[in-house]
Amino acid sequence: MSSGEGRRRRDNLVPLAALISREMRIEKMDKPTVKYGHAAQSRKGEDHFLIKMDCQRVPGNSSSTFSVFAIFDGHNGNAAAIYTRENLLNHILGAMPRGLGREEWIQALPRALVAGFVKTDKEFQSRGETSGTTATFVIVDRWTVTVASVGDSRCILDAQGGAVSSLTVDHRLEENVEERKRVTASGGEVGRLSIVGGVEVGPLRCWPGGLCLSRSIGDMDVGEFIVPVPYVKQVKLSNAGGRLIVASDGIWDALSSEMAAKSCRGLPAELAAKQVVKEALRTRGLKDDTTCIVVDIIPPDNSIQPPTPPKKHNMLRALLFRKKCHDSSSKLSKKLSAIGTVEELFEEGSAMLAERLGNDYSTSQSTSGLFTCVVCQIDLAPSEGISVHAGSIFSTSSKPWQGPFLCADCRNKKDAMEGKRPSGVKVA
Ligand SMILES: [Zn+2]
């Protein structure tokens, strides 16, 4: 063996160790800092929230940490909001397949969110309590933000450069034409409250029940077409980071998304949340429970500051930056090219479970070899499982004996939500 060969061999070995340590360094460098603030003013005591910074994808592995931020705005009491705060996260994680890497885990989230929301709704309803709640549930894993939401507690994104976008849709009958159509097609009646003399007042509501929302968790006393199936949106921020504002309608009835974002730019998260609440109260007074969580996703080297007031030529500057980096292939240019761009990874708002639970056959079998209900995660006897696609318009293209499967209970719920069987609600 010549000395040259020996050196080459060493060269092959050393870089491997160096590569691993470099990857770990990059991973550490690439990890943004997440900071948050929370503020609230209570009127009815029906707003509840959840902030959890230390969740782990892989229990015991500190590099698999992710954060959860959620708001639950209850109505007709606070039991549903409290129950959802206590159980929704566990139900979502319980619906996640085991042993996934980070990318796969992120890809599996949208479906697990749907299953977790439906399971929470089903379990709460089985307790026989009558309240309901909105749920806006945000998962931050490094630069990836996943939001699932029912009701009208909004989550907005103020990206670097001053572009404000909504990561939720409002499930309000008054404002959401698509949801009005869905509810009506499923057998609900949409109209306003009628007072003496036949005068119609207030926002559009759904009857039976009289709820203004078209989706919620709980609400066993309204029609089952008021579904717990969340709108889900997943985005990857650029490495310039951004700010999330999650808040109940106490904020959004007073401030537009742009106004809320603008009112707190330049402030650290803690002060920003207080400022947004203050601004809403100044505009409208304390008419409703008002809760706000501000989450800043901050680049690790702090070279890029949290959102500042947009400058006049921001768009042009972003274009120039992007154009400039096409000419060069350095790592720095790669970083610059991401400034001001938010990558949309996933968006789906359908209320149909068959569409939301998908065609993934591999995940419906539990470790015991039995099939499990994709919603409530209980084991099913071989004869018991009903494909989520059975009897649906999808059954022509997918085999009805293939998963994912639902237990008889969840299948009944699915049919009721889609207006395929009469709702169990007694109309007074
Ligand atoms: Zn089930």
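How many helices and strands are there in the chain? The count comes to eleven helices and 19 strands. Keep in mind that this is a predicted model. Of the 428 residues in the chain, buried ones make up 42%. Contacts across the sequence matter here too: taking the contacts with a separation of 6 or more, 67% are between residues 24 or more positions apart.

**The sheet**

Let's start with an open sheet of five strands. Its order is β1-β14-β13-β7-β8, and the pairing is antiparallel. As background, strands of a sheet pair through backbone hydrogen bonds, either parallel or antiparallel. At the edges sit β1 and β8, each of which pairs on one side only. Going from one strand to the next, the twist averages 15°.

Here are the strands of this sheet with their residue ranges:

| Strand | Residues |
|---|---|
| β1 | residues 33-41 |
| β14 | residues 290-298 |
| β13 | residues 242-247 |
| β7 | residues 154-159 |
| β8 | residues 163-166 |

Zoom in on β7 and β13 and you'll find six bridges joining the two, which run antiparallel. One spot to look for is A159, which stands opposite G242 in β13.

There's also a helix to spot on this sheet. Helix α7 (residues 269-284) lies across β1, β13 and β14, and it runs at about 30° to β1.

**The core**

Which residues have the most contacts inside the largest nonpolar core? They are V138, I245, V276, C292, I293, V294 and V295, in a core of 92 residues. Helix α3 (residues 102-125) supplies the largest share of this core, with nine residues. Domain 1 (35-171 + 227-348) and domain 2 (352-423) both contribute residues, so the core lies between them. In soluble globular proteins, nonpolar side chains tend to be buried together.

C292 is a handy place to look around. Leaving out residues up to four places away in sequence, C292 touches A39, I245, A247, I251, A273, V276 and V277.

**A stop at F405**

Now over to strand β19 (residues 405-406), where F405 is found. Is F405 buried or exposed? F405 is buried, because 25 other C-beta atoms lie within 10 Å, and 20 or more is what it takes to count as buried. F405 and V374 are 31 residues apart along the chain, yet their C-alpha atoms are separated by 5.8 Å.

Terms used
Residues numbered from 1 in each chain as written. Predicted model: local features only at pLDDT ≥ 70, side-chain atom pairs only at ≥ 80, totals over all residues. Core = buried A, V, L, I, M, F, W, Y, C linked by C-beta atoms within 7 Å. Buried ≥ 20, exposed ≤ 12 C-beta atoms within 10 Å, placed from the backbone. Helix = DSSP H or I, 4+ residues; strand = E, 2+ residues; numbered from the N terminus. Domains from an automatic or database assignment. Contact = placed C-beta atoms within 7 Å. Pairing = 2+ DSSP bridges. Axes fitted to C-alpha atoms, helices over the stretch in contact; angles between N-to-C directions.
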